[in-house]
Amino acid sequence: HNGLAAKRDEHLNAIRALGSIPRDAGEGYDQLSSRALLDKVDAVHRELKQYKSVNRKALDQYASFHEQRAALLDRKKTVDEGAAAIQDLMDRLDAKKAEATERTFRAVAKHFSTVFAELVPGGAGHLVMVADGAAAEDPSPDEAMEVDSEEGVPPSAPRKYTGVSIKVKFAGGGDTQTIQQLSGGQKTMVALCLIFAIQRSDPAPFYLFDEIDANLDAVHRDAVARMVHRQTSAPDGPQFITTTFRPELVQCAEKHYGVTARHKMSTITPITMDRALAIIKEEQSVKQQRGSERAGGNGRPGTTQDDLIYRVYGFGLGHMPDTMAHTEAREHWPELGGSALTRRWDDVTHEAR
């Protein structure tokens, strides 16, 4: 009796280990005899013996993997939501960047057209925003965004830009030209127009110009000088620090300084406008004289003491290095040498100062 009870408990535990069993699983077996049931069990055991190397941990592994999959799906959902939020932020930042770019471009383009008309009477200039895939030198109407002083950027303009192209037309210059087709002086004028346009859009406290009028003719030099004077005369206008060997900027300046150099050391000295103009006039006279003598085939002209003194004194930020100065001294006093030449050179520079 105890043996049968133990056998029954064993089978009940085995049934529970199988998990839930359908209700109709036992139908048809209650009418069989004990012998028939035992035969059925033996047949099932023989069938089970045909399956070898069965992974008895498969059920546990399935449950573990199922939990891991659910956790990964939750993480993926969180990551996707974070990626969507980041992409939305990037889109909004790109939109703001494009809006700021277009707004700045509108302002600079408007001022560029105005400044160019002021500096080049009878001329016209405008900026062209080049879209992605367009050539900056010659953008097509569909690929470029041209901005005039009134209309600005059209609402349907492309958002992706690769650069800015400049197109100008000088008085009597024929067709509109790009920056690559201009001469050196014309490029200087375009660059100055762009600088003044940016200055009007986003002013800076001061500007430093180094011989910006070197390649300009007298008409354009005068226009630039008047523009600088108007900019500085405006309320809260900026300061312009310029170096020049031309009289136009000197005449519109409020302060003048000369720069002398000796033994690789520069000295800045306040000078009057008359003195500055005199130095420029002397420099121009010397250049014209030398050009005439070279054209006449006389070779390099002799150097006078006044010319040498001027070279020592200098004007603007440009100056003559000591090695060049001593070369001038040797050529001027070939009979001297060594310490005598140095003493003579010091006397001349002292007189210049």
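**Salt bridges and helix packing**

The side chains of Arg221 and Glu248 meet in a salt bridge, at 2.9 Å from N to O; the term covers a side-chain nitrogen of Lys or Arg within 4 Å of a carboxyl oxygen of Asp or Glu. This pair links distant parts of the chain, with Arg221 in helix H5 (residues 218-233) and Glu248 in helix H6 (residues 247-252), 27 residues apart. The model is predicted: local features need pLDDT of at least 70, side-chain atom pairs count only at pLDDT 80 or more, and totals for chains, interfaces and linings use all residues. Residues are numbered from 1 along each chain as its sequence is written, and side-chain values use heavy atoms, with hydrogens and water left out.

- The search of the whole structure finds 11 salt bridges.
- Arg221 and Glu248 are both buried (under 20% relative accessible area, with exposed over 50% and partly exposed in between; 1.4 Å probe, protein chains only).

- Arg35 and Asp39 form a salt bridge with an N to O distance of 4.0 Å.
- Both Arg35 and Asp39 lie in helix H2 (residues 34-48), 4 residues apart, about one turn of the helix; helices are DSSP runs (H or I, at least four residues), as strands are (E, at least two), numbered from the N terminus.
- Arg35 is exposed at a relative accessible area of 59%, whereas Asp39 is partly exposed at 38%.
- In helix H3 (residues 58-119), Arg103 and Glu99 are 4 residues apart, about one turn of the helix, and their salt bridge has its closest N and O atoms 3.9 Å apart.
- Arg103 is partly exposed, with a relative accessible area of 46%, and Glu99 is partly exposed at 44%.

**Packing of H4 and H5**

- The axes of helix H4 (residues 184-201) and H5 come within 12 Å and cross at roughly 10 degrees; axes are lines fitted to C-alpha atoms, for helices over the stretch in contact, and angles run from 0 to 180 degrees between N-to-C directions.
- H4 and H5 are therefore roughly parallel to each other (angles under 35 degrees; over 145 is roughly antiparallel, 65 to 115 roughly perpendicular and the rest oblique).
- On H4 the contact (heavy atoms within 4.5 Å) is made by Met189, Leu192, Phe196, Gln199 and Arg200, and on H5 by His220, Val224, Met227, Val228 and Gln231.
- By class, this contact of H4 with H5 has 6 nonpolar, 3 polar and 1 charged residues; Ala, Val, Leu, Ile, Met, Phe, Trp, Tyr, Cys and Pro count as nonpolar, Asp, Glu, Lys and Arg as charged, and the others, Gly among them, as polar.
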